[in-house]
Structure formats: structure tokens, C-alpha cells
Amino acid sequence: MKFFLDSADVAVIEHWYPTGIVDGVTTNPSLIAKSGQPLHATIAKIAAIAEGDPVSAEVVATDHEGMLREATALSQIAQNVVIKLPMTPDGMSACRDLRARDIRVNVTLVFSLAQALIAAKCGASFVSPFVGRLDDHVAPGAGMQLIDNIVTAYDQYDYDTEVLVASVRSRDHIEEAAVLGADIVTLPPKILGEMYQHPLTDKGLEAFLRDWKESQK
């Protein structure tokens with residue numbers, strides 16, 4: 001499974017990339033706004049840090065022509081920029097047009113298998129189901145059930161679209177997605193840091209250090 005960092009904070013991305021566990025970056029208008037930096041300049045900096053790994057940059061237009069204009073400008077920032085489009089009729093029309101130009105697309109705001117199938121048929125490079133929001137608004141576990149359904153359906157029809165698990169709220173989401181065979185999970189830096197942690201690891205390390213100090217007396 002690949003790990004994408006869900007952030008537009010250049011300093012945070014610079015911190016995590018040297019660890020070797022990050023395979024790409026996803027951003028959205030909210031994250032860009034929170035960073036307080038200009039969109040294109042921020043995406044350019046992130047794309048340079050990612051060194052060829054996918055960096056998703058989202059359009060804010062809602063009409064087909066507006067999406068294409070924004071996508072064209074974003075795609076010219078760097079070769080590893082992936083255009084993030086919403087799961088709407090205009091978004092999927094733009095997806096087909098961009099894929100015909102060999103521009104990669106990440107279809108976002110996906111909440112059903114039907115939507116994921118449309119994204120795959122329109123040639124999406126990535127599809128981003130929002131598992132946390134489904135858990136919040138439908139029922140606990142609804143998000144991972146959707147991941148299971150999408151992975152199963154895509155395998156049956158041999159779609160090239162990669163399943164990118166988004167709106168991750170916990171390590172449990174990551175572990176379940178891995179067991180279900182999702183291709184990628186995008187996660188906030190805080191949760192990425194938590195993946196290192198386990199109380200038994202801390203307890204074991206304390207015991208080793210204590211025993212070592214005792215042996216040196």
C-alpha cells in the first residue's frame with residue numbers, strides 16, 4: 001500500500017519526505033487556504049519536494065470549461081501534478097477530456113460504488129472515497145464497506161483506476177484499508193506519526209534500556 005500525505009504545509013511535507021514512507025501528496029482548497037500561501041506557488045514547492053511522486057491539486061470551478069481551464073494551468077506547474085476533480089457530471093466530462101490529453105485525474109468526493117464505477121469508466125487515475133465522512137453521516141463502518149465494494153468491483157472488471165482511501169480518521173482505517181486491498185491511503189501528518197506508536201513498543205524499549213543500565217553497574 002502507498003501512503004500519501006494529506007497536507008499543503010510545505011514545512012511538514014519537507015519533514016516527512018526524507019523518511020521514505022511517503023509516496024505522494026494530496027491537497028484540497030481547504031488545505032491550501034489554511035496554509036495561507038498562493039495556490040500555484042504552493043503546488044510548485046510540493047511537486048519539487050515529491051520528486052516525481054503524484055501531487056493532487058484540486059480545481060475550484062464547477063463547470064466543465066472552467067475545470068479544464070484551471071486543470072490546464074495546474075498541470076503545467078510540474079509533470080507530477082494530478083488534477084483533482086469532483087464527482088459531478090461536469091467533473092467526469094472534464095476527466096475524460098483531461099485523460100485524452102494524458103493528464104492524470106483524481107476523482108474526489110466519492111461516496112458510493114456507483115460513483116466509483118463512473119470514475120473508472122471515465123478513465124480516472126485515482127478514485128478517492130471519503131471513509132470518515134461516511135462513518136460520520138451514515139454509520140460506523142460504512143466507509144470501509146465502501147472500500148471493500150470498490151476493490152472487489154474493480155478487480156472483477158480489471159479497471160486501472162487506483163483506490164485512494166481519503167478522509168482517514170484513525171490508524172484503524174489505514175489497517176482495514178490495507179487488509180481490503182486498497183492501493184493508497186492519504187492521511188494527515190498527525191495520523192502518520194501515530195502509526196509508529198504502540199504501548200508495547202514503549203514498554204519494551206523501557207525494559208531494554210533499564211536492563212542495559214543495570215548491566216553496566
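E194 is partly exposed, with a relative accessibility of 23%, on a scale where buried is under 20% relative accessible area, exposed is over 50% and partly exposed lies in between (1.4 Å probe, protein chains only). The model is predicted: local features need pLDDT of at least 70 and side-chain atom pairs pLDDT 80 or more, while totals for chains, interfaces and linings use all residues. Residues are numbered from 1 along each chain as its sequence is written, and side-chain values use heavy atoms, without hydrogens or water.

**Salt bridges**

- The count is three salt bridges, each defined as a side-chain nitrogen of Lys or Arg within 4 Å of a carboxyl oxygen of Asp or Glu.
- E194 pairs with K190 at 2.5 Å, N to O; the two are four residues apart in helix α10 (residues 189-194), about one helical turn.
- K190 is exposed, at 61% relative accessibility.
- E162 and K2 form a salt bridge of 2.9 Å, N to O.
- This pair joins strand β7 (residues 162-165), which holds E162, to strand β1 (residues 2-6), which holds K2, across 160 residues.
- K2 is partly exposed, at 31% relative accessible area.
- R169 and D136 form a salt bridge with their closest N and O atoms 2.4 Å apart.

**Nonpolar cores**

- The largest nonpolar core has 61 residues, of which I83, L85 and V107 touch the most other members; such a core is a set of buried Ala, Val, Leu, Ile, Met, Phe, Trp, Tyr and Cys residues joined through side-chain atoms within 4.5 Å.
- Helix α8 (residues 142-157) gives this core its largest share, seven residues; helices (H or I, at least four residues) and strands (E, at least two) are DSSP runs numbered from the N terminus.
- Another core, of five residues, lies apart from it and includes F4, F126, L164 and I184.
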